[in-house]
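Please read each point beside the sequence and coordinates.

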Amino acid sequence: MEVKARAPGKIILAGEHAVVHGSTAVAAAIDLYTYVTIRFPLQSAENNDRLTLQLKDISLEFSWSLDRLKEAIPYDSSTLCRSTPSSCSDETLKSIAVLIEEQNLPKEKIWLSSGISTFLWLYTRIIGFKSATVVINSELPYGSGLGSSAALCVALTAALLASSISNKNHGNGWSSLDETNLELLNKWAFEGEKIIHGKPSGIDNTVSAYGNMIKFCSGEIIRLQSNMPLRMLITNTRVGRNTKALVAGVSQRAVRHPDAMNSVFNAVDSISKELAAIIQSKDETSVTEKEESIKELMEMNQGLLQSMGVSHGSIETVIQTTVKHKLVSKLTGAGGGGCVLTLLPTGTVVDKVVEELESSGFQCFTASIGGNGAQICF
Ligand SMILES: Nc1ncnc2c1ncn2[C@@H]1O[C@H](COP(=O)(O)OP(=O)(O)O)[C@@H](O)[C@H]1O
Ligand SMILES: C[C@@](O)(CCOP(=O)(O)O)CC(=O)O
Ligand SMILES: [Mg+2]
């Protein structure tokens, strides 16, 4: 039997980092996906006592015997419960780290270990110690602010939950999950994100699961209906960074300067709420006026992100370059490198700015905003 799932990456239009501290943020799905295929062997097949993970886009394969997994990951039948998401304890995470060490992950790929830990934990917790080959393929750049970690957690959980859905609709292409399964999927994916981000807000897994555009605050999800065209240029600075470390850095700054940082987080909250209101507004305001307001809000949000300490020289270079073309940019995701968003007001011709950015070694692309969330296929 084979099940497939896919989940999109995301951009954060306003509110990253502050959202971890209870502020509002606005995010949208983009049309770049992580795909997960699970193949269960026949009972009679050889090798039906192993769990194999193939990371297709990076040409790596890992394999564990089920006995080894059972030995390392604490298990009793009462803790295996697909319908009650639970957190991975530090102790279990340490045992899982040993399972990964045994696979001799190349040193330059060590950044993958948190993703593989998440895989092992979600897999064994949701469907137990069952033999399979899991193939993962991602269109998203890793660690660049486009939510590859959440897309992995959401797509994997969707495939795991789908494997136990009884009324499978074979051959009908991609289909969405029902509301109950979506909610369950989102909770599990959040538990997975915890392993990768340390202290996630939950916005990335939520927008990847539900798709479209959302306003998110302390776990509360409001689905937004955009009433204006919204085009963004995405520029990847190609500077690698780690969300967990950046999130922890902002929290440490908040401990050192609680009043100042609370004011920063409150300002971001207002920016996100105003942005969401403009995007949804059906009033008479012209698109040009709305775009002017969004530009100003993005500029203010970037200033506040800089004051949180998550900007980077490469991000500043992108911002300065786009300013020369009268365009406004802000970082998206955790910052520290990664991707930058540039608003493209109606009628903007991007050729010249793209040429200048790419000649500095950056990679530019546009993605369609606000599309599908998690989907499954049999
Ligand atoms: N397809 C994947 N396979 C394995 N690990 C992945 C995959 N996608 C993401 N990850 C994990 O997520 C990490 C990147 O997450 P993060 O630092 O949050 O950045 P982002 O979510 O913006 O890409 C990677 O270092 C890796 O551990
Ligand atoms: C910085 C943060 O707001 C978003 C991180 O996104 P990404 O992992 O950089 O794609 C963290 C979070 O909300 O969990
Ligand atoms: Mg992430």
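1. Leu357, leaving aside its neighbours within four places in sequence, is in contact with Thr235, Val318, Thr321, Phe362 and Cys364, contact meaning that C-beta atoms, placed from the backbone, lie within 7 Å. This residue belongs to helix 11 (residues 351-359); helices (H or I, at least four residues) and strands (E, at least two) are DSSP runs, numbered from the N terminus. Leu357 is buried, because 25 other C-beta atoms lie within 10 Å; the term requires 20 or more such atoms within 10 Å, against 12 or fewer for an exposed residue and a value in between for a partly exposed one. Glu220 lies 137 residues from Leu357 in sequence and 37 Å away in space, C-alpha to C-alpha.

2. The model is predicted: local features need pLDDT of at least 70 and side-chain atom pairs count only at pLDDT 80 or more, whereas totals for chains, interfaces and linings use all residues. Residues are numbered from 1 along each chain as its sequence is written, while chains are lettered from A and ligands numbered from 1 in the order in which they are written.

3. UniProt, in an unreviewed entry, places the feature "domain: GHMP kinase C-terminal" at residues 292-359; such annotations may be inferred rather than shown by experiment, and positions follow the numbering used here. The span is 56% helix and 12% strand, and its end C-alpha atoms lie 28 Å apart.

4. The domain assignment of the chain gives domain 1 (2-223 + 371-377) and domain 2 (229-366), with bounds from an automatic or database assignment. Their centres, taken over C-alpha atoms, are separated by 27 Å. In the interface, 26 residues of domain 1 are in contact with 34 residues of domain 2. On the domain 1 side, the elements giving two or more residues are strand 1 (2-14), strand 2 (25-39) and helix 5 (179-197); strand 1 provides the largest share, four residues.

5. Ligand 2 is surrounded by 17 residues, the closest being Pro200, Ser201, Thr243, Gly333 and Ala334; a residue counts if its C-beta atom, placed from the backbone, lies within 6 Å of the ligand. Helix 6 (203-210) and helix 7 (243-256) each give two or more residues to this shell. Domain 1 and domain 2 each contribute at least three residues to the shell.

6. Helix 3 (residues 113-127) is mostly covered, with 13 of its 15 residues buried. Gly128, whose phi is positive, near 85 degrees, follows helix 3.

How values were computed
Contact = placed C-beta atoms within 7 Å.
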